[in-house]
Amino acid sequence: MPAMPSTLHDTFARTISYLRVSLTGQCNLRCLYCRPLGGAGLPSQEEVLSYEQVLRVVRVAVGLGVEKVRLTGGEPLLRPGVVGFVRELARIPGLVEVRLTTNGVLLAEMAAELYQAGIRKLNISLDSLQRQRFAEITGHDLFERVWAGIEASRRLGFSPIKLNAVAMAGVNDDELVEFARLTLSTPLNVRFIEFMPVGQAGAGQGSRYLPVSVIRERIEAALGELTPVKSAKLDGPARVFTLAGAKGSVGFISPLSEHFCATCNRLRLTAAGRLRSCLLTDQETDLAAALRAGCDDQAIAAIIRQTIRDKPQGHTLAAGQRLGSCHGEMSRIGG
Ligand code: SAM
């Protein structure tokens, strides 16, 4: 008789099937809401889990019921040897999907080998379509390189390609309609993410927060009605829509105004090997220490199960509770 597939449940009956793996805390951009503090707070090269250790943790997690892994960071494409690692990851039996979140700076040169290694689904973070503004937000004049990376990925056949834009009042909110307009002529999936005022970079920037209801209203006022699209099983928390006749889609991710904690299926592994069950709650388990102590796979499985059992019912950074329980840096946690 074939073995029954495993499933991981937390104490609130949520099924955990999605692991986000941060490969590095380093980044080649310094976004104004997510500045890695060049060294301080970031794991050193020795502290970062080795690829072998990450593969081992993923194998155990897949054995327990994880089906989807997303590579993130920092900027995951900065880590030497990442393509070989992706090739090994994509071969793990039972792992249904390997996805990548990148700022796109290195994509033009790496997209072909990433495709060959097994990645098909890309999230590319892009907060402005204007070269000068991109430089102001990220600290680097690299818009054209990112755009070349998006075009190279389209030519190679990555699908879907999601463009993730953090919507910020007074920063890029005059471009919301332009982002949505892109989906009329190209098969890109633009997704607007509510700005989360967390970590040292985000603290004190609460006035930049823009709820998705406002973003949606502005897009519909300019471009017409957004029609809901049904999402697939392994899709993320975005609520997805299309404009009439569009080739792509428009999605909204609202961690604050309409949080999706009740259906959260995520577990996170930081580059330094800490397991975290909620993006916006500073509660982590030190898996790296157990790995260094020579633990076996059963012990890894026990740590994963315990972290999931301790997953909070929801985060406290809901609208109106700005301080919440998250002081961690996104560049360390992986977003
Ligand atoms: N370097 C990669 C990238 O740029 O996509 C991966 C890491 S980055 C931390 C992952 C995502 O988190 C990006 O889409 C980024 O915009 C988002 N992010 C970081 N800080 C955020 C914040 N304070 N609020 C909302 N999104 C944030």
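Accessible areas here come from the Shrake-Rupley method with a 1.4 Å probe, and for residues only the protein chains shown count as cover. The structure is a predicted model, in which local features need pLDDT of at least 70, side-chain atom pairs count only at pLDDT 80 or more, and totals for chains, interfaces and linings use all residues. Residues are numbered from 1 along each chain as its sequence is written, and side-chain values use heavy atoms, leaving out hydrogens and water.

**Exercise 1. Describe the surface and overall form of the protein chain.**

Step 1. Start with the surface: the protein chain exposes about 14400 Å², and carbon and sulfur atoms supply 53% of it.

Step 2. Turn to the interior. Of the 335 residues, 54% are buried (under 20% relative accessible area; exposed is over 50%, partly exposed in between; 1.4 Å probe, protein chains only).

Step 3. Check the form. The radius of gyration, taken over C-alpha atoms, is compared with a globule rule of 2.2 Å times the number of residues to the power 0.38. For 335 residues a compact globule would have a value near 20 Å, and the protein chain, at 19 Å, agrees with that.

**Exercise 2. Work out how the ligand is held in the model.**

Step 1. Find the shell: 17 residues surround the ligand, and the closest are Y33, G74, T101, S125 and M196 (a residue counts if one of its heavy atoms lies within 4 Å).

Step 2. Look for polar contacts (pairs of N or O atoms within 3.5 Å; within protein, one must be able to donate a hydrogen and the other to accept it, and residues adjacent in sequence count only if both atoms are side-chain atoms). A polar backbone atom of M196 sits 2.7 Å from a ligand nitrogen. The side chain of E75 places an N or O atom 3.1 Å from a nitrogen atom of the ligand. Y33 brings a polar side-chain atom to 2.9 Å from a ligand oxygen.

Step 3. Now the cover: the ligand alone exposes 550 Å², and the protein buries 93% of that.
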